[in-house]
Amino acid sequence: MQAIYAAAAFPERVDRVVAISAGLKAHPSAIALRFMQRRILMSDPNWIDGDYYGKTFPKVGMQNARALATVTYRSAPEWETRFTDRRNPTEPPNFCADFEIEHYLENQGNKFCTSFDPNSLLYISK
């Protein structure tokens, strides 16, 4: 979507655009979820209005924003084929990750937060 917008807004700077997997327009639910991802990231106290460079990285905000995004990438039937609704039987129930899917979401957040710039995520998601 960003590439299409850039081509339309700045035709003097763009000769051609190849948009792969871009929708005609964003669905309201997609807009809402991206809005929540941005809010989650910006609520991390280490984000500091985007001035975190050379300071503490807003890791928790990135992890949580990615976890929310990951949920939207698959349909409910896909999640059901990959994960069960059983807890880890060796641990008592707790507020941390004790379902397999919760561990998966944590892992996705951990991998993503070290490979992507938070401010870039904000601009791309808008």
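Author: Partly exposed is the class between buried, under 20% relative accessible area, and exposed, over 50%. Glu-78 has 34% relative accessibility, so Glu-78 counts as partly exposed. Note that this is a predicted model.

Reader: What makes Arg-74 and Glu-78 a salt bridge?

Author: The cut-off is 4 Å between a side-chain nitrogen of Lys or Arg and a carboxyl oxygen of Asp or Glu. The closest N and O atoms of Arg-74 and Glu-78 are 3.6 Å apart, so the pair qualifies as a salt bridge. Arg-74, with a relative accessible area of 29%, is partly exposed.

Reader: How many salt bridges does a search of the whole structure find?

Author: The search gives 2. Besides the Arg-74 and Glu-78 pair, there is a salt bridge between the side chains of Lys-55 and Asp-51, at 3.1 Å from N to O. Lys-55 has 45% relative accessibility and is therefore partly exposed. Asp-51 has 42%, so Asp-51 is partly exposed too.

Reader: What makes the set with Leu-41 and Trp-47 a nonpolar core?

Author: Membership requires buried residues of nonpolar types, joined through side-chain atoms within 4.5 Å. The largest such core has 9 residues: Leu-41, Trp-47, Tyr-52, Met-62, Ala-65, Phe-112, Cys-113, Leu-121 and Leu-122. At least two of its residues come from each of helix 3 (59-72), helix 5 (100-113) and helix 6 (118-125). A second, separate core has 5 residues, including Trp-79, Phe-83, Tyr-104 and Leu-105. In soluble globular proteins, nonpolar side chains tend to be buried together.

Reader: Which residues does Cys-113 contact, leaving aside neighbours within four places in sequence?

Author: Cys-113 is in contact with Phe-57, Lys-59, Met-62 and Gln-63. Of these, Met-62 is listed with Cys-113 in the largest nonpolar core.

Reader: How do you know that the buried residues of helix 6 line one face of the helix?

Author: The buried residues are Pro-118, Asn-119, Leu-121, Leu-122 and Ser-125. Seen down the axis of helix 6, they fall within an arc of 160°, so they line one face. These residues pack against helix 2 (28-42), helix 3 and helix 5. Tyr-123 and Ile-124 are exposed and sit on the face turned away from the buried side.

Reader: Why does Thr-72 count as partly exposed?

Author: Thr-72, in helix 3, has 36% relative accessibility, which lies between the limits of 20% and 50%, so the label is partly exposed.

Technical notes:
Residues are numbered from 1 along each chain as its sequence is written. This is a predicted model: local features need pLDDT of at least 70, side-chain atom pairs count only at pLDDT 80 or more; totals for chains, interfaces and linings use all residues. Side-chain values use heavy atoms; hydrogens and water are left out. Buried means under 20% relative accessible area, exposed over 50%, partly exposed in between (1.4 Å probe, protein chains only). Helices (H or I, at least four residues) and strands (E, at least two) are DSSP runs, numbered from the N terminus. Contact means heavy atoms within 4.5 Å. The arc is that of the directions from the helix axis to the C-beta atoms.
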